[in-house]
Amino acid sequence: MDFKIAVIKGDGVGPEIVDEGLKVLDKIAQKYNHKFECTNVLGGGAAIDVTGEPLPKESLDICKASDAVLLGAVGGPKWDNIESSKRPEKGLLALRSGLGLFVNLRPATMHESIKEASPLRADIVEKGVDFVVVRELTGGIYFGERKTGVENGVEFAYDVEKYDENEIRRIGKKAFETAMIRNKKLTCVDKANVLDSSKLWRKVLNELAKDYPEVELSYMYVDNAAMQLVKDPSQFDVIVTNNIFGDIISDEASMITGSIGMLPSASVRGDDFGMYEPIHGSAPDIAGKNIANPTAIIQSSVMMLRYLGEQEAAAKIENALVKVFEKGENLTGDLGGNATTDEFTNEILKYI
Ligand code: NAD
């Protein structure tokens, strides 16, 4: 099969890890006789440096014409002080909304063999960590009305958290469907004791629940969820939540599994198109040192292959990762090893 992939390497560790992901895809292409026609596309700080825009129109057009987008990470101190509408992260938001990617799926799975890397106590992680955060991606406070100004000599700023019932219904459906192919347990994380927007989420999810009688739906306030995630992550199967809460708790989830360098994500919509990226950022503190863990981008490629219908190739990579973790050699520093980024990838390539 031939696949057109738009590749946005981005900034910081982005280019380093994406190159590792592409090595893995190359090996898969050889083994399964696939062709990944990869087009490098500018995005984030790298695009600002060349065009002045974090997401040039040409980049969005190439992404739209592709079967999938593979993205490293964007941002970094170099672009921290530019006008907020031109910052690298705005390019990412524009990409998500421009491609209509309203669902962000963030699986958090603990590999048994590297559980020592988790900061949680052994008796907690031994119960298992295997859940998915279904985060709404194109609405809420990150896209709401915002303003900074001065009123009666006093500076103010606000950002609006607004959702309509249709936005909640479409992400809710995706969450119930995700629960149906897992353990049929769905937890909506919100702040319904304070926020009207959360109350609307509950109303719409309660209505949807009638179509999915097998799914056990529950609600949890976000402050409690933050605590429960470290107290007993095994209680979760599928979490559905808004854009901002999903952003925060999925970083927490990543740390539970050992390192933020481990977790992938897929941003999807109603069809089989998607954008695949690690949940971590551009890690400027370790960029250029060849020590970043490339697992998240490799796992993102696995998610991409699954959405493209290439289950066997996806499983091949996953099994290779498990073997490397089980062997416990050539792990990167964040997992307690001292391998470089490419040494770790080479180890994976041996098992593909
Ligand atoms: P970060 O995720 O980049 O880094 C947090 C910590 O995790 C750092 O100590 C970093 O070294 C470590 N880390 C991250 N990825 C790692 C990997 N693959 N292997 C080993 N360690 C890893 O978050 P941050 O420091 O808050 O943000 C840095 C920049 O990235 C900012 O400009 C931010 O806006 C941007 N950012 C981009 C994205 C994205 O592109 N999707 C997401 C989050 C943050």
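**Ligand and pockets**

Mentor: Let us start at the ligand, where a backbone N or O atom of G281 lies 2.7 Å from an oxygen atom of the ligand. Please keep in mind throughout that this is a predicted model.

Trainee: Okay, and how far is the backbone N or O atom of V74 from an oxygen atom of the ligand?

Mentor: For V74 the distance from a backbone N or O atom to a ligand oxygen atom is 2.8 Å, and for S282 a backbone N or O atom is found 3.1 Å from an oxygen atom of the ligand.

Trainee: How much of the ligand does the protein bury?

Mentor: The ligand exposes 810 Å² when it is taken alone, and the protein buries 69% of that.

Trainee: Which residues are the closest around the ligand?

Mentor: The ligand is surrounded by 19 residues, and the closest of them are V74, E89, G281, A283 and D285. By type, the shell around the ligand holds eight nonpolar, seven polar and four charged residues.

Trainee: Switching to pockets: how much space lies in the largest pocket?

Mentor: The largest pocket holds about 650 Å³ of space, and its lining is made of 23 residues, with P107, V132, M303, R306 and E318 lying nearest the centre.

Trainee: Which elements each supply at least two residues of that lining?

Mentor: In the largest pocket, at least two lining residues each come from the strands β4 (103-109) and β5 (130-136) and from the helices α6 (165-180), α10 (295-307) and α11 (311-327). The largest share, five residues, is supplied by α10.

Trainee: And what is the split into nonpolar, polar and charged there?

Mentor: The lining of the largest pocket has 13 nonpolar, four polar and six charged residues.

Trainee: What about the second largest pocket, how much space lies in it?

Mentor: About 370 Å³ of space lies in the second largest pocket, which is lined by 17 residues, and those nearest its centre are L92, R96, R106, D247 and I279. Two or more lining residues are given by each of α4 (88-98), α9 (243-256) and β12 (274-278).

Trainee: Which of the elements gives the largest share of the lining of the second largest pocket?

Mentor: That is α4, which contributes four residues to the lining of the second largest pocket. As for residue types, this lining divides into eight nonpolar, two polar and seven charged residues.

Terms used:
Residues numbered from 1 in each chain as written. Predicted model: local features only at pLDDT ≥ 70, side-chain atom pairs only at ≥ 80, totals over all residues. Heavy atoms only, no water. 1 Å grid on protein atoms, 1.4 Å probe; cavity = no way out; pocket = protein on both sides within 12 Å on 5 of 7 lines; lining within 4 Å. Points joined across faces, edges and corners; volume = space filled by probe spheres on them. Nonpolar A, V, L, I, M, F, W, Y, C, P; charged D, E, K, R; others polar. Near = heavy atom within 4 Å. Polar contact = N/O pair within 3.5 Å; in protein donor to acceptor, adjacent residues only side chain to side chain. Areas by Shrake-Rupley, 256 points an atom, 1.4 Å probe, with all protein chains shown as cover.
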